Amino acid sequence: MKYLLLLCLLSVNMMAVAQTNADVVDMDVHKLVMQFTAGDSLEQAMIIGQVRNVRQALPNAQIEVVCQGPGLDLLNKSKSKMGKEVAEWTAKGVVFAACNNTMRRRGIKKEDLFPVAVVVPSALVELIKKQEQGWAYAKGGH
């Protein structure tokens, strides 16, 4: 009886691993920079979901999410609905960058952001530089 139970548990575990591996497209290193400009909580959840989807398909992908305009709310401690997820994905190597031009325009200080946020001088300049370095570009959210 114990062996049957062990065999069942092992089979279920193997099916879960097989299902997960089926989502993987390849194990190459891909570089993706995502522009995020929407401020509402639905869009915040959507960008986190997109990061998750890319990482499921491309586990070794390097991802940077550049937040500007209303999208900066994703990194703002008082406005974000995704603080836990931002911290979780940062721990997995995803970079969340805040546009300093937006911060200045909106009166936001570095201490208003989650500690994991990286401040870049300009969102558009960051996007240009990443693309010139061979990073793929995607508009995050809708």
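Which residues does Lys130 touch, not counting residues up to four places away in sequence? In this predicted model, Lys130 touches Val33, Glu64 and Trp135. Lys130 belongs to helix α5. With a relative accessible area of 14%, Lys130 falls under the 20% cut-off, so it is buried. Its side chain makes a polar contact with the side chain of Glu64, at 3.3 Å.

The overall layout is as follows. The chain holds 5 helices and 5 strands. From the N terminus on, these elements follow the order α-β-α-β-α-β-α-β-α-β. The chain has 142 residues, of which 37% count as buried. Among contacts between residues at least 6 apart in sequence, 73% join residues at least 24 apart.

Strand β1 spans residues 31-36. Of the 6 residues of β1, 5 are buried, so the rest of the structure largely encloses this strand. β1 pairs with two strands considered here. With β2, the pairing is parallel and extends over 6 bridges. With β5, the pairing is also parallel, and 4 bridges join the two strands. Individual positions can be assigned on both sides. Gln35 stands opposite Val66 in β2. The bridge partner of Met34 in β2 is Val65. Val33 stands opposite Tyr137 in β5. Val33 is also one of the residues touched by Lys130.

Strand β2 covers residues 62-67. Here too, 5 of the 6 residues are buried, so β2 is largely enclosed by the rest of the structure. β2 runs parallel to β3, to which 4 bridges join it. Across this pairing, Cys67 stands opposite Ala98 in β3. In a regular strand, side chains alternate between the two faces of the sheet.

Helix α2, residues 41-57, forms a right-handed β-α-β unit with β1 and β2. A further right-handed β-α-β unit is made by β2, α3 and β3.

The largest contains 27 residues. Within this core, Val65, Leu74, Leu75, Val86, Phe96 and Leu113 touch the most other members. At least two residues each come from β1, α2, β2, α3 (83-91) and β3. Helix α2 supplies the largest share, 4 residues. Leaving aside neighbours within four places in sequence, Val65 is in contact with Met34, Phe36, Ile47, Val51, Val94, Val95, Phe96 and Ala97. Met34 is also the bridge partner of Val65. A second, separate core has 8 residues, including Val66, Val120, Leu127 and Trp135. Val66 is the residue opposite Gln35, and Trp135 is in contact with Lys130.

Helix α5 was examined in the same way. α5 runs over residues 123-132, and its buried residues are Ala123, Glu126, Leu127 and Lys130. Seen down the helix axis, these residues fall within an arc of 100°, so they line one face of α5. The cover over them includes β1, β2, β3 (95-99), β4 (118-120) and β5 (136-139). Leu127 is also a member of the second core. After α5 comes Gly134, with a positive phi near 95°.

At 10% relative accessibility, Asp73 counts as buried. Leaving aside neighbours within four places in sequence, its contacts are Gly39, Gln44, Lys79, Ser80 and Arg106. The side chains of Asp73 and Arg106 are joined by a polar contact of 2.9 Å. Asp73 and Ala98 are 25 residues apart along the chain, and their C-alpha atoms are separated by 9.5 Å. Ala98 itself is the residue opposite Cys67.

Definitions and conventions: Residues are numbered from 1 along each chain as its sequence is written. This is a predicted model: local features need pLDDT of at least 70, side-chain atom pairs count only at pLDDT 80 or more; totals for chains, interfaces and linings use all residues. Side-chain values use heavy atoms; hydrogens and water are left out. Buried means under 20% relative accessible area, exposed over 50%, partly exposed in between (1.4 Å probe, protein chains only). The arc is that of the directions from the helix axis to the C-beta atoms. Contact means heavy atoms within 4.5 Å. Two strands pair if DSSP finds at least two bridges between them. A crossover is right-handed if, with the strands pointing away from the viewer, the path from the first strand over the helix to the second runs clockwise. A polar contact is a pair of N or O atoms within 3.5 Å; within protein, one must be able to donate a hydrogen and the other to accept it, and residues adjacent in sequence count only if both atoms are side-chain atoms. A nonpolar core is a set of buried Ala, Val, Leu, Ile, Met, Phe, Trp, Tyr and Cys residues joined through side-chain atoms within 4.5 Å.
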